[in-house]
Amino acid sequence: MSMTMNNRTPTTIDEADIPVWSHKPKTFPKKVKGPIRNLKWAVMAVLLAIYWGVPWFRFDRGPFAPDQAILIDLPGRKAYFLWFEIWPQEVYIVTGLLIVAAIGLFFVTAMLGRVWCGYACPQTVWTDLFMLVERWIEGDRAQRMKLDRAPFSMKKLGKRTAKFAAWAFIGMMTGGAWILYFNDAPTVVPELFTGEAGTAVYATVAFLTFSTFLMAGIARENVCTFMCPYARFQSAMFDQDTMVVSYHPARGEKRGKHKAGESWDGRGHCIDCRQCVDVCPTGIDIRDGLQMSCISCGLCVDACNSIMDKVGLPHGLISYDTERNIELKACGQKPKWNLLRLRTIGYGVVFALAGLGVLYALMARQPMDASVLADRNPLFVRLSNGDLRNGYTLKLLNKTPELHAVEIAAVGLTGAEVTVLGHETEAVPTVELAPDAVAAIRVFVRLPEADWKGSPLDFDFVVTDHGRNLTVSVPTRFEGPAK
Amino acid sequence: MSSEKRKYEVDPVTGSAIHPYSWDGIGELETPPPRWWVLTYLVCFLFAVGWWVAYPAWPYIAGYTKGVLGFSTRADVAEQIAAAKAAQAPYNNKLAQLDYAAIAADPELSTFAMAGGKALFGENCAQCHGSGANGNVGYPNLLDDDWLWGGDYTTLEQTVMHGVRSTNDEATRQSQMPAFGKDGILTREQVDDVVAYVLSLSGTAPADPAAAERGAQVFADNCVACHGDAGVGLREMGGPKLNDAIWLYGGDPKAVAAQVFNPRHGVMPAWAGRLDPLAIKKLVFYVHSLGGGE
């Protein structure tokens, strides 16, 4: 009953010996030194400083709004970003920002490959941080492998406990900082410790502590290889001229061990020291060529260059290079850089347009807005002298942290008289708008019988703020009986 | 039922065992799932067992396992209702103390009173007055500026509390229009004449001016006592205004004649006792805000 189609002798296995789960080898990335590693440390420091520092910046918005420079106020349904205040209905601006970010990512990827993954992605930044701590506590690759293989002992327990505790602490700091973007930082931090913070705050911190621990401590490269959708479609942005971390087989092969003083003739420069494999945070062998699991971090470049220094060969057996250049170099030709391509120009143009669009949306944003809901039950009311009256609910949005007064008028409806509930005595109804709030006011429009011709009349409610010289008009219509 | 150990072939490419069954020559690999997957499955299973113990889970004939935590969605709802009531309490206390004018002067409080009034209106009043409060034939429209008994806060409160022609409230509003035609107080011709006159009061040119002229005398003799001179209405008597564009039972000659000949009378229940004073206050405030408040 064999279905194997090849001619190799089939081996067999007992049913009881089929494993319940698979045994994928663990990765133990080795420490590496070099310019790329230093760049990665610097990027990590900057990004972590931004993450932990930003909520502490203050920005004075007056007495009616929070003075945190960047704050997402979920209960208040508002987001504050320096001078800008985003209301829920303006989420399109955030959507626009996400589109800009996505196209920016495509642009960078088409140019430089997956540098986002290798340098800036939170998964990479936090995994790097966790690995650093791990190295401090458990030692480098060889010591960690030894410890992993070692049977249970108090020493192993101590090291593991210390490592997990340190990870949990970083996870807690990560989750703890996340909530600062949603709460006033100087208020919520003491509250966290005195037990006064809300359930949602504690739940968020707990969840993010757990997920940070899990993702950066346990899952690590598996997130990039198996979970991240970006890894799956990044190849769509690649072409012959995209920078990727590349091994140069023409120079490296045929690989083999090399003893000091031996000739390099008739063999490649790769001495098969496996340093590039040992330092790889995703546990791959870059010499197999460009592959999906490569996050383009370039640590193998550093590792290989340091070996090249030792054996007295030039750098660059593994380097950031394009597929085209690898081929050109293989043929002994000069490398060619082709940065301006239809793909990069296209992404660049779309990036610029989307960015301008978001900027325009932010600049053109009105600090006041209005919407109208005409009564539909009933459409109109007949008054005792035969006049007609329509009712409207006018919603006035004051998107600034200041108090403002506005006048309400109906424009384009001859003979109409406007009254606002609660302001019946005012000749021109003037309504106070509370800071950062929506006011819903009832407006009655009365039309003399003689002015009603039997078909609906379109008109505008005009809301005027004389203080700021600001006008918003909303179209609506006046209904009455057919004549 | 064979008890001998089954041997599986191993796929040389993947190293996985091959399941011994074949489907049209296509085999299936016994690739083991990742360890975390298997462990997650086990954890979920244990979690489910824990859940059964902690929370309501298994039904039996009459009832169900309650769980050791004593969780109940019904108790949750009761708690949320209590919390909402507690949150409303400060507003309600203020509402109870203030008079209507003071409530109207406070935007936050009037929004609260109107929201409560609207809900109460939908539950108790909309059946007759319509969900938009625009009434129907025989049921007064509460949006317009015409009131049978008056549209200020005090009068509205009186009407809501004691009703109109309510059978179980001594203080209810009473008015009764005689059946002028049915009881033979007026002849058919007199009824037609007075109808012509009444319609002329609201500016309609009468089809028969002579009839309207005759009707003026009939009106003076029979109707002025309740409807007032020239039909301006008399709120103390609940006598409707006749010189306007609003007709409770219809404004065409036939409908007006029917009302004179054998009048219909609406009944509104007395709400004092059914609704607490605060609810009535909210209702009155809401109705007053609909556009006709005086």
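Between chain A and chain B there are 10 residue pairs in polar contact, both residues at pLDDT 80 or more; a polar contact is a pair of N or O atoms within 3.5 Å, where within protein one must be able to donate a hydrogen and the other to accept it, and residues adjacent in sequence count only if both atoms are side-chain atoms. The elements giving two or more residues to the side of chain A that touches chain B are β1 (12-14), β8 (381-382) and β13 (437-447) of chain A; strands are DSSP runs of E, at least two residues, and helices are runs of H or I, at least four, numbered from the N terminus.

This is a predicted model, in which local features need pLDDT of at least 70 and side-chain atom pairs pLDDT 80 or more, while totals for chains, interfaces and linings use all residues. Residues are numbered from 1 along each chain as its sequence is written, chains are lettered from A in the order in which they are written, and side-chain values use heavy atoms, without hydrogens and water.

The count of salt bridges between the two chains is 1. B:Lys7 and A:Asp14 form this kind of link through their side chains, at 2.9 Å from N to O; the cut-off is a side-chain nitrogen of Lys or Arg within 4 Å of a carboxyl oxygen of Asp or Glu. β1(A) is also joined by 3 bridges to strand β1 (residues 7-10) of chain B, and the two run antiparallel; strands pair if DSSP finds at least two bridges between them. A:Ile13 has B:Tyr8 as its bridge partner in β1(B).

Within chain A, helix α1 (residues 35-53) packs with helix α13 (residues 299-311) at an angle of about 145°, their axes 7 Å apart. Axes are lines fitted to C-alpha atoms, for helices over the stretch in contact, and angles run from 0 to 180 degrees between N-to-C directions.
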